[in-house]
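Take a look at the model shown here. The text below walks through it from the overall outline to single residues.

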Amino acid sequence: MTEGTGKEKGCIFCQILAGDLPCYRIYEDELSLAILDVNPFSIGHCLVIPKRHVPWWHELSDDENASLFRAAKVVAEKMMIALEPDFVCMYARGRRIPHTHVFLVPTYSGDVLDRFFNALELFQESPPVLAALREKDSMEDVAELLREADPKKSSKSKDDSVEC
Ligand SMILES: [Zn+2]
């Protein structure tokens, strides 16, 4: 399994690949390994890692890249069969553990990651909405609305009965 190249001391994934740490193996080929994430976002959450210590996914060789994404697809297909999620979310970041790992997360409507990404998309779409609020016409309109709003004339005001 370990080719003896590109291992990094202190890297948790290299230690797993060397057999020094346990893991739940799901699938592997010559260049990649898929394991369960020990801190799952949802049931069956997996990580697919290259067998060589490569910090960033865009530094993988073409063969490693092909292997990693082929393995990711195989595992996603397994998830769809075994766990029946709506779909399998895939992403790669790597800030915390600098050994390429692709997240594969079975996603169900309303689960933690689903809500996170929905919130992220709302945030992503917000700037034009917020920018529109800063436009002169919008500012003048809302300023006028606020100035004209008279709490004393509001039906919710406690003073209404007194004044009538
Ligand atoms: Zn590593």
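This is a predicted model: local features need pLDDT of at least 70, side-chain atom pairs count only at pLDDT 80 or more; totals for chains, interfaces and linings use all residues.

Residues are numbered from 1 along each chain as its sequence is written.

Start with the outline. The C-alpha trace spans about 85 × 35 × 25 Å along its principal axes. The radius of gyration, taken over C-alpha atoms, is 26 Å. A compact globule of 164 residues would have a value near 15 Å, by the rule of 2.2 Å times the number of residues to the power 0.38. Of the 164 residues, 21% count as buried. A residue is buried if 20 or more other C-beta atoms lie within 10 Å of its own, exposed if 12 or fewer, and partly exposed in between, with C-beta atoms placed from the backbone.

Next come the elements. The chain has five helices and five strands. Their order from the N terminus is α-β-β-β-α-β-β-α-α-α. Helices (H or I, at least four residues) and strands (E, at least two) are DSSP runs, numbered from the N terminus.

Now divide the chain. The domain assignment gives domain 1 (12–108) and domain 2 (109–148); such bounds come from an automatic or database domain assignment. The centres of domain 1 and domain 2, taken over C-alpha atoms, are separated by 36 Å. How many residues of each domain are in contact with the other? Seven residues of domain 1 are in contact with six residues of domain 2. Two residues are in contact if their C-beta atoms, placed from the backbone, lie within 7 Å. On the side of domain 1 that touches domain 2, four residues are nonpolar, two polar and one charged. Here Ala, Val, Leu, Ile, Met, Phe, Trp, Tyr, Cys and Pro count as nonpolar, Asp, Glu, Lys and Arg as charged, and the others, Gly among them, as polar.

Turn to the strands. Two strands pair if DSSP finds at least two bridges between them. Strand E1 (residues 25–28) pairs with E2 in the antiparallel sense over three bridges. A hairpin of three residues joins E1 to E2. Tyr27 stands opposite Ala34 in E2. E5 has pairings with E3 and with E4. E3 and E5 pair in the antiparallel sense over three bridges, and Val48 has Val102 in E5 as its bridge partner. E4 and E5 run antiparallel and are joined by six bridges. There, Met90 stands opposite Leu104 in E5. E5 is mostly covered, with five of its six residues buried.

Follow Leu104 to see the links. Leaving aside neighbours within four places in sequence, Leu104 is in contact with Cys46, Val48, Ala72, Val75, Ala76, Met79, Val88 and Met90.

Cys14 lies in helix H1. Is Cys14 buried or exposed? Cys14 counts as buried because 20 other C-beta atoms lie within 10 Å. Leaving aside neighbours within four places in sequence, Cys14 is in contact with Lys7, Glu8, His53 and His99.

Leu146 is in helix H4 (residues 136–148). Leu146 is exposed, because 8 other C-beta atoms lie within 10 Å. The C-alpha atoms of Leu146 and Gly94 are separated by 47 Å, at 52 residues apart along the chain.

Most residues other than glycine have a negative phi. Glu84 counts as exposed, because 9 C-beta neighbours lie inside 10 Å.
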